[in-house]
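Me: Please look at the model shown below with me, and let us go through some of its local features by question and answer.

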Amino acid sequence: MCVRFVVLVAVALVNAGLGLPAFANDSAKKFAQLEQDLPTPNVYRDATGAPGPNYWQQRADYRIKVRLDEKARRISGEETITYTNNAPRALRYIWLQLDQNRFRDDSVARRSAVASQRGGKDSLSFGALRRHQSYKDTEYGHEIKAVTSADGAALPYTIVDTHMRVDLPTPLATGEAISFSIAWDFNIIQEASIGGRGGYEWFEDSDTYIYFLAQWFPRLAAFTDYTGWQHKNFLGGGEFALEFGDYDVEITVPDDHIVSSTGVLQNPEAVLSEVQRNRLEAAARADKPLFIVTPEEAAENEASKSDGSKTWHFKADNVCDFAFASSRKFIWDAMGHAQTGGEFDRVMAMSFYPNEAEPLWSKYSTEAVVHTMEVYSKYSFPYPYPTAQSVNTWDGGGMEYPMITFNGYRPTKEANVDDRTYTRNAKYGLIGVVIHEIGHIYFPMTVNSDERQWTWMDEGINTFLEYVAELEWAEDFPAFFGGKTNLLDAIPTYMRSENQVPIMTQSDSILQFGNNAYAKPAAALTVLRETVMGRELFDFAFKEYARRWKFKRPTPADFFRTMEDASGVDLDWFWRGWFYSTDHVDLGITDVRRYQISTEDPRIENPIKRAEHAENEPVPLQVSRNQQAGLVAREDRRRGLKDFYSENDPFVTNNKDINDYNSWLEGLSAWERRAYDRAVADGEHVTFIDFANTGGLVSPIPLVLTYADGSTESLMIPAEIWRRNDKSVTKMIIGDQEITSVEIDPHHQTADADFSNNHFPQKIVPSRIELYKSNFKARNQMADALVELEAAKNDEAEGDEVPLAPSGH
């Protein structure tokens with residue numbers, strides 16, 4: 001329906017809308033500037049989000065010798081650390097992380113672990129029972145043997161849960177460095193029993209092992225301008241904040257092991273055969289992965305179980321951590337990845353995996369490593385290291401370290417099934433986890449955010465880029481819950497849930513960890529890129545953030561400020577809604593009203609009014625039925641009862657109507673008359689659309705208008721429309737065509753939680769419904785007992801002992 005619209009009324013309504021609504025205070029909070037809550041800019045971190053002129057960070061260089069005792073499943077190590085103090089103050093002590101202490105009996109992590117329940121009832125899983133037995137059987141945690149200065153003197157130290165304070169003989173002044181040594185041992189955990197990002201995997205059928213060692217040596221805790229020492233205890237959720245430095249590491253393992261490690265191998269002649277070295281050289285120039293150790297060689301190797309040992313020597317420059325994996329089971333493939341603009345023109349992409357991972361890993365792992373570098377480098381910076389490695393460790397999980405990642409997923413081997421097959425979940429799970437973990441080498445291994453404090457800064461940002469890379473791998477990549485391709489269709493279920501906290505929550509206090517720290521910030525950045533800012537502005541600003549903070553340690557304020565500084569877009573409302581609240585997006589259309597501008601000429605308007613009256617006010621049903629029954633109204637039967645009002649037609653134009661119209665025209669100013677004449681000539685249509693923000697999270701409104709001729713128009717109403725009223729707003733649209741329908745977010749680009757209110761007129765969505773047959777059948781316990789009694793009689797006839805009662809009763 002379209003009605004005529006008086007221009008003066010339109011102006012009055014628009015002017016009335018400028019007044020502040022009753023809930024203006026709530027609306028103002030949604031759009032309050034974030035600067036009032038962020039840390040004050042200073043000489044270390046400036047207001048643009050860039051490092052300040054006096055930005056500093058510490059440095060820690062390591063020389064390590066470590067031995068893997070496979071029989072005892074134990075690590076023994078010695079390290080010399082050179083620590084450089086770049087802070088503008090002297091340090092009387094330093095803190096190190098002892099992350100293996102998380103597994104000690106007296107650790108905060110173990111003592112604060114909560115009991116598991118299912119459906120509100122006490123429960124005990126087999127996994128929890130195995131974990132308890134593993135803890136009971138073996139003592140875990142770092143065993144510190146000695147802490148000594150460069151001249152061999154003992155240094156006093158104090159262990160506080162997962163950290164160790166080393167007291168210095170004299171304060172370490174700004175710009176000075178100190179070297180000291182630590183000797184330590186620890187028992188390696190079985191990852192499947194304990195869980196914990198590293199350890200060993202036992203292949204029971206062949207009695208073989210894969211060792212993947214992470215958080216294995218005492219490491220310097222970060223000392224920063226924003227928090228001082230980052231020595232929050234490691235509880236298992238918030239990961240790590242570490243200093244950059246150079247590593248020189250010698251790893252002694254059984255001599256039939258193959259080692260994958262952070263860094264570059266320094267002694268290939270001592271640990272690789274000539275054939276393997278030649279293959280490695282050829283792989284550097286190859287355009288597809290080549291085997292360095294073939295599946296057949298790996299199978300032969302794992303059967304040997306030699307008692308000798310070899311020492312693999314690796315060096316890594318400017319890394320914040322170091323990890324390695326070792327096994328006689330490893331197949332090894334590699335290929336070179338050429339890149340431009342970085343320190344390394346060619347990066348060695350490599351994968352290490354057992355035969356149990358085939359054929360999935362040789363087909364996809366190294367290709368996924370290369371794909372990750374291609375995509376991430378496009379949106380940040382060239383890959384910053386000489387190697388990128390993917391190692392198959394525990395199934396389903398993933399973990400990242402500089403130049404090396406530990407990744408799960410293997411084919412499921414089933415009896416009577418061709419062992420060259422694998423599931424869809426295994427394929428895309430492997431590709432996805434490799435992209436995610438290799439991506440972490442960019443964030444946070446290079447853009448070195450504080451994981452102990454803000455998980456989203458590495459997991460969320462990385463999951464966002466992982467999603468970009470997955471859709472560049474395959475357009476229908478099943479990246480998210482239920483095999484969904486669109487993250488913004490997957491995340492609303494979480495965002496509507498009650499048991500959640502804001503993204504900005506400290507890492508160890510997060511609820512629904514994966515959704516909060518991974519999926520929601522990734523969804524936020526997707527909305528920011530595709531809906532709020534647009535790709536051009538977002539990509540420029542994001543790349544600037546990565547460039548500014550490469551090999552440095554950004555905070556959330558640095559990210560927020562950089563994204564605004566480089567794009568020129570005020571995003572404070574966005575950060576508040578997505579990162580500081582638990583609101584969700586739920587936009588809706590509550591009403592649409594359609595008008596045409598009235599000419600005010602009664603000769604034109606009265607016939608239109610008559611038609612509208614007939615359409616809007618049909619003859620009452622009672623009158624129609626009276627007429628059908630032959631009932632004649634009293635006025636019509638007794639004509640004398642009729643008067644002027646009985647016969648008057650309100651839609652007939654008279655001279656007074658025309659005179660009033662002419663007087664109205666004469667009262668218009670010159671500019672008003674020009675606007676009137678143009679509007680009447682164009683026949684413009686005026687549409688008012690009422691929007692509701694049910695979810696509370698203010699959002700742009702992507703809109704598609706459909707016109708009477710079938711054409712469509714897309715509009716993007718910016719989020720600022722909610723700044724005076726964040727609950728309901730009205731948008732006026734003037735055009736030369738009649739709007740027949742309106743739709744919000746047809747491309748699902750806002751993370752809207754409910755699309756049932758996104759259409760006007762409301763849209764009926766067809767679907768399919770499946771028939772089902774009830775299979776419920778009450779258990780007949782008497783019949784069960786009779787069956788068991790019959791079985792017992794048969795056993796007695798055969799001479800077996802008869803139980804006193806039916807088993808289970």
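**Helix packing, burial and exposure**

Reply: The crossing of H16 and H17 is right-handed, a term for the near helix being turned clockwise from the far one by less than a right angle. This is a predicted model, in which local features need pLDDT of at least 70, side-chain atom pairs count only at pLDDT 80 or more, and totals for chains, interfaces and linings use all residues. Residues are numbered from 1 along each chain as its sequence is written, and side-chain values use heavy atoms, leaving out hydrogens and water.

Me: Which residues of H17 make the contact with H16?
Reply: Contact means heavy atoms within 4.5 Å, and helices are DSSP runs (H or I, at least four residues) numbered from the N terminus, as are strands (E, at least two). On the H16 side the contact involves Phe559, Phe560, Met563 and Glu564. From H17 the residues are Asp572, Trp575 and Phe579.

Me: Is threonine 294 buried or exposed?
Reply: Threonine 294 sits in the loop between strand E19 (290–293) and helix H8 (295–302), and, leaving aside its neighbours within four places in sequence, is in contact with Arg279 and Ile331. Buried means under 20% relative accessible area, exposed over 50%, and partly exposed in between (1.4 Å probe, protein chains only). Because its relative accessible area is 15%, threonine 294 is buried.

Me: How many of the 8 residues of helix H19 are buried?
Reply: Helix H19 spans residues 621–628 and lies largely in the open; glycine 630, with a positive phi near 85°, follows H19.
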